Amino acid sequence: MTLKKFINKPENITAELLEGLALANPLILEVKPNNLVVNKGLEIASRVTIVTLGGSGHEPALEGFVGEGMIDVAVVGDVFAAPGYKAVVEALHLADKGKGILLVVLNHAGDMMTGARAMEEARKAGLKVSLVITQEDVAYAPRCEADRRRGLVGCVPLYKIVGAAAAQGKSLHEITAIAQDFADNMATIAVACKTATHPQNGSAFAVLGTDEMEVGMGQHGEGGGGRQKKKNADETAILMSDLLIADLNLCAGDEVMVIINGTGSTTIMEMLIIFRRVHKYLEAKGIVIVANWVEEILTVQEQAGFQLFFARMNAQNLWYWNAPARTPYLVR
């Protein structure tokens with residue numbers, strides 16, 4: 001299949017996009033061997049550091065959020081593929097500043113295998129590392145079976161909150177608790193009306209009819225069991241909001257963060273129309289939006305759809321969310 005993308009050799013996509021990221025942001029980050037994207041401030045850091053891992057193809061996540069106040073090292077795999085555990089162990093050694101390291105892993109099979117093996121090796125080496133897993137996809141399993149839930153966009157606000165806590169000098173124990181509490185109080189649901197194609201071979205992840213959408217679709221276009229006739233923006237926003245409200249057991253007076261994450265080809269126009277309905281719907285229920293983000297954050301190439309994310313907020317996490325940060329794709 002002919003790829004209608006401005007790339008060179010498909011096998012060079014990851015290396016070339018990381019090179020471009022570093023050239024575009026020379027004051028913020030650098031790329032080291034084995035696809036380690038490193039915060040330029042890490043060298044002089046004297047605090048807990050944040051490491052994460054995942055495949056490329058989801059830009060700007062994950063490597064686009066490396067920098068002061070968020071991720072210190074992102075270990076990048078090939079397109080939609082987990083990196084090897086040895087690269088993660090190397091990243092953990094690089095990030096070791098004597099204060100401890102938080103490793104954040106999204107709940108996908110390859111990432112989890114890599115993260116588990118890296119943790120084993122890091123502990124053998126005497127590194128002080130804590131692991132937090134993001135697993136907030138409400139479509140895949142009920143909250144009582146959270147270990148089966150996939151990780152979606154929720155990792156990115158978590159990076160922001162733990163990065164700010166680290167900058168404030170919190171201990172690894174404290175930061176791990178903050179991260180876990182935030183992870184336990186977030187939920188995401190995704191929808192798509194057209195799935196993405198793999199940028200290295202042009203193959204489609206799934207095929208949806210012209211009048212269909214799927215609620216509950218995974219990060220790579222995996223089915224979520226919610227295929228149905230396509231609804232308009234307001235109907236879709238309410239359908240998805242109800243799922244998140246029920247999962248988090250939100251009530252009048254609760255304060256939440258809301259994120260609309262475009263997943264590749266959904267326009268800002270569409271995302272703002274969705275946010276408008278979500279805002280009014282929650283307002284009518286007495287649920288207060290205290291933080292929001294409407295943008296492409298964690299994408300999957302040209303997938304036409306979005307992820308709706310809610311998180312119950314407290315004053316501490318809201319402060320961390322608004323704290324300074326400097327990364328290529330989020331600056332406070």
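Let's start with the hairpin of β1 and β2: there are 3 residues between the strands, and N34 takes a positive phi near 70°. Strands (E, at least two residues) and helices (H or I, at least four) are DSSP runs, numbered from the N terminus. What you're looking at is a predicted model, where local features need pLDDT of at least 70 and side-chain atom pairs count only at pLDDT 80 or more, while totals for chains, interfaces and linings use all residues. Residues are numbered from 1 along each chain as its sequence is written, and side-chain values use heavy atoms, with hydrogens and water left out.

Strand β1 (residues 29-32) runs antiparallel to β2, and 4 bridges join them; two strands pair if DSSP finds at least two bridges between them. If you look for K32, you'll find L36 of β2 standing opposite. β2 also has a link to strand β4 (residues 73-79), again antiparallel, with 3 bridges. There, L36 has V75 as its bridge partner.

Buried means under 20% relative accessible area, exposed means over 50%, and partly exposed is in between (1.4 Å probe, protein chains only).

Zoom out and you'll see an open sheet of 6 strands with mixed pairing, in the order β1-β2-β4-β3-β5-β6. β1 and β6 stand at the edges with a single partner strand each, so one side of each has no neighbour in the sheet. On average, neighbouring strands of this sheet are turned by 25° against each other, direction ignored. Towards the β6 end, β5 and β6 pair in the parallel sense over 6 bridges, and one spot to check is L103, whose bridge partner in β6 is L131.

Next, the helices on this sheet. α3 lies across β3, β5 and β6 and runs at about 160° to β5. Helix α4 (residues 155-167) lies across β3, β5 and β6 too, at about 170° to β5. For these angles, axes are lines fitted to C-alpha atoms (for helices, over the stretch in contact), and the values run from 0 to 180 degrees between N-to-C directions.

Helix α2 (residues 85-95) is worth a look as well, with A87, V88, V89, A91, L92 and A95 buried. The cover over those residues includes β2, β3 (49-56), β4, β5 (101-106), α3 and β6 (129-134). In α3 (residues 109-124) you can pick out T114. Is T114 buried or exposed? T114 counts as buried because its relative accessibility is 9%. Leaving aside neighbours within four places in sequence, T114 is in contact with L53, A82, P83, G84, Y85 and V88, where contact means heavy atoms within 4.5 Å.

Let's move on to another pair of helices. Helix α5 (residues 172-184) and helix α8 (residues 315-322) pack at an angle of about 100°, their axes 12 Å apart. That makes the two roughly perpendicular; the cut-offs are 65 to 115 degrees for roughly perpendicular, under 35 for roughly parallel, over 145 for roughly antiparallel, and oblique for the rest. I178, D181 and F182 of α5 meet Q316, N317 and Y320 of α8.

Finally, the rings. How many aromatic pairs does a search of the whole structure find? The search finds 4. Rings of Phe, Tyr and Trp (its six-membered ring) pair if their centres lie within 6.5 Å, and planes under 30 degrees apart count as stacked, over 60 as edge-to-face and the rest as tilted. One of the pairs is F65 with W293, edge-to-face because the planes are at 80°, with centres 5.9 Å apart. F65 sits in the loop between β3 and β4 and W293 in strand β11 (residues 288-296), so this pair ties together parts 228 residues apart in sequence. F65 counts as buried at 0% relative accessibility, and W293 does at 8%. F182 and F309 form a tilted pair, 6.4 Å centre to centre with 40° between the planes. Since F182 lies in helix α5 and F309 in strand β12 (residues 304-312), the pair ties together parts 127 residues apart in sequence. F65 and W293 also belong with W321 to one aromatic cluster.
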